[in-house]
Amino acid sequence: MGATARPDGGGSAASVTRDAALAQLDRPYGAVFWVAIAAVIATLVRIAYFTPIEASQGPAQKIFYIHVPAAVTALYLAFALMAVASVLYLWLRDPKLDRVAATSAEVGLAFTTVVLVTGPLWAKPVWGTWWSGDARLTSTLFLWLIILGYLILRQAVEDRAQRARYSAVLAILAGLLIPFIHLSVYLFRTLHPQPIVLKPSAPSLPPEMLATLLMSFASFALLFVALLRARYRLATIADGGLADGTASERDG
Amino acid sequence: MPPLATIETRGLIRRFDRREALGGVDLSVAPGDCLAIFGPNGAGKTTLLRLLAGLLNPSGGTASIGGVALPAGPAARAQVGLISHHSMLYPALTARENVEFAARLHGLADPRTSAESALARLGVLDRADVPVRVLSRGLQQRVSIARAFVHAPRVVLLDEPYTGLDAVGAAALSSALEGLKSGGAALVLVTHHLDEGLAIATHVAVMRDGRFVLHERRDAIDPASFAGQYRALVGVAG
Amino acid sequence: MSEPPGVIAAAWAIARKDLTVELRTRAAFLSAAVFSVLAAAIFLYTWDPTAVASIDLAPGVLWVIFTFAGLLGLNRSFSAELADRAIDGLLIAPVRREAVFLGKAFANLIFVLGVQVVAIPTVVLFYNLSLGWGASAAIAGITVLASVGLVAVGTLFSAMAVNTRLAELLLPVLALPFFVPVVTAAAQATVLVINGRPLSGAVDWMRVLVAFDLVFVPACTMAYPFTIES
């Protein structure tokens, strides 16, 4: 455990809560994590063995069940959380919010990497090109670059409050940027028609495929939450444990 | 006639991460007063000045300038002048351009004339049209002081202004400070030079670890024994 | 007594000061201008215009140069303020933080447009483009719109990057994703314009530029005060 000094004294109720909270820090990978792992494994099994093979694309199409949920998780869970936590941080200046944003960025980077790896792996056997250049893949590429830039920025700033402020500004501006990336790619493809690639066509999926897709969404979301909690707890330890001072932990 | 300014703080606290740089500072500087603050490095003197200048916000306690509580908006900064150990000048611009720019930022009616008279008061008007980077450290410091005084501030915050000044420059500075004092400005002077500080101060404080360990009127201090007194207050831990 | 200047007056004073400093040294402007010419030459020899029509290469080359020459200029904007803590002088003056940003951004805009005055004719020359008055005016308009967007984002990020360990490397890493919609729109509009397509096609792309400017100029202006310690 970290070398956090425990203040002596205090009421018994307060110290029971403290001990419970500190014990949580000892086990960052709790029940939620293992349930999430089980869910993901179950989903992978279902994808491999219990989902029909798509007629025109063959077995490689199954990558779709990983690719799309990872993309959705990355953008609508990880990045959205990053942006919201950043706005709240600039308003409330609570360092916990900065920690949430940073943690979300790290976990989001992992999911985004999965999207960028599975994309070409799917596109090459099915459509013959590594890079499909479609809207979602391109946007995810930029999301990946933005999150990477965010993490590099954090590495480059030593002062904690300054790091939090700068990161928050970047995350919020990135949130404004994403629609422009979508717009640019959409306009580009309208003017330069390209072979139709990713057509997830979710509404017209047969029921077993749809069920697999939804199961995948759910297990990825659960995995995201589990990784977020684990990483957040580890970050809390790294920052010096709980705020056991009298004043609230506020920045600047 | 603009309202005369008083600097007032009660229990002023400033934290960085979990470190308390200011741990409860009380002071009151009336128009015409000069508070000299002595103390070792890391005592919090620069933090206190930056806070009074509006560059930092308090973490706790209160601070006010001219009755306006800090943090205050841009208008409240108009009456403050700051001199730090950085020159705050643009090396590529001339002394005249630097001081005129400051005058413009304060909205002075005639920036050129105001700049000239500020430079003249500090005895650097004859070098006004060379790029500042060419000037010696001492002359740069005088230009920097002219820059801080060009708008006739009611509150003057000085962070080790005598550093790098020769005898002539120090005399020019002291005379400018006396002029401001008798014009009703409130001064806070942070310095290592005990003699120069005592010569101009109306109040004296010694700072250590974010707090005042001594805070007296100047006439309660015996200059001869003050050096020893100061070393005793800060020597062991500082 | 004096009346503290309003936002526009303060921004203008700051912009004038920045431009005076730049004119005095000229180092950054010359570097960016020379870079533009060198880059155009390098692209000319790496992408053979006999194999691919130069009219297809030129827009890409022009806007890639725009991006990187812009970065060169943006770096100098706040670094002059750091050396002797002149930035404290700006922050302690009775002017709003937004005015500081706007003043610096405007100075950067003049800088970037100045570099384009060198870069665009260079590319036209090397790639043997023949532009009528209509096309030239359109390209000037595209350049102004794109420069405003580039400068808004670039000024904000250079304000942050200059305070970090890896300032010159960090600025491109942060800013380039934001430049992409700007440069894409500018390049695509330029393609249409120099191929003599009717302007209506390019207008879509120019709308993207206008939208970007309308979103990011206020956003970056409002974000700037948050980057300052307080």
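Of the 230 residues of chain C, 54% count as buried, a residue being buried if 20 or more other C-beta atoms lie within 10 Å of its own, exposed if 12 or fewer, and partly exposed in between, with C-beta atoms placed from the backbone. This is a predicted model, in which local features need pLDDT of at least 70 and side-chain atom pairs count only at pLDDT 80 or more, whereas totals for chains, interfaces and linings use all residues. Residues are numbered from 1 along each chain as its sequence is written, while chains are lettered from A and ligands numbered from 1 in the order in which they are written.

Chain C contains eight helices and zero strands, where helices (H or I, at least four residues) and strands (E, at least two) are DSSP runs numbered from the N terminus. The C-alpha trace of chain C spans about 65 × 35 × 30 Å along its principal axes. A compact globule with 230 residues would have a radius of gyration near 17 Å, and the 18 Å of chain C agrees with this; the radius is taken over C-alpha atoms, and the globule rule is 2.2 Å times the number of residues to the power 0.38. Among the contacts in chain C with a separation of 6 or more, 85% are accounted for by residues 24 or more positions apart, two residues being in contact if their C-beta atoms, placed from the backbone, lie within 7 Å.

Helix 2 of chain C (residues 27-46) has 20 residues and reaches 28 Å from its first C-alpha to its last, close to the 28 Å expected at 1.5 Å a residue, the expected span being 1.5 Å times one less than the number of residues. Seen down the axis of helix 2 of chain C, its buried residues fall within an arc of 135 degrees, so they line one face of the helix; the arc is that of the directions from the helix axis to the C-beta atoms. The two sides of this helix are listed below.

| Side of helix 2 of chain C | Residues |
|---|---|
| Buried | Ala28(C), Phe29(C), Ala32(C), Ala33(C), Ser36(C), Ala40(C) and Phe43(C) |
| Exposed, on the face turned away from the buried side | Ala27(C), Leu30(C), Leu38(C), Ala41(C), Ile42(C), Tyr45(C) and Thr46(C) |

The buried residues of helix 2 of chain C pack against helix 1 (7-25), helix 3 and helix 5 (97-126) of chain C. Helix 3 of chain C (residues 54-82) includes Leu71(C), which counts as buried because it has 21 C-beta neighbours inside 10 Å. Not counting residues up to four places away in sequence, Leu71(C) touches Leu171(C), Pro172(C) and Ala175(C). Leu71(C) and Ala175(C) are 104 residues apart along the chain, yet their C-alpha atoms are separated by 8.7 Å.

The contact between chain A and chain C takes 25 residues from chain A and 26 residues from chain C. On the side of chain A that touches chain C, helix 5 (135-156) and helix 6 (160-191) of chain A each supply at least two residues, and the largest share, 15 residues, comes from helix 6 of chain A.

Chain B has an open sheet of four strands in the order 2-1-4-5, with antiparallel pairing, two strands being paired if DSSP finds at least two bridges between them. Its edge strands are strand 2 and strand 5 (68-69) of chain B, each of which pairs on one side only. Strand 1 (residues 7-16) and strand 2 (residues 19-29) of chain B run antiparallel and are joined by eight bridges. In strand 2 of chain B, Val25(B) is the bridge partner of Leu12(B), and Arg19(B) is that of Phe16(B).
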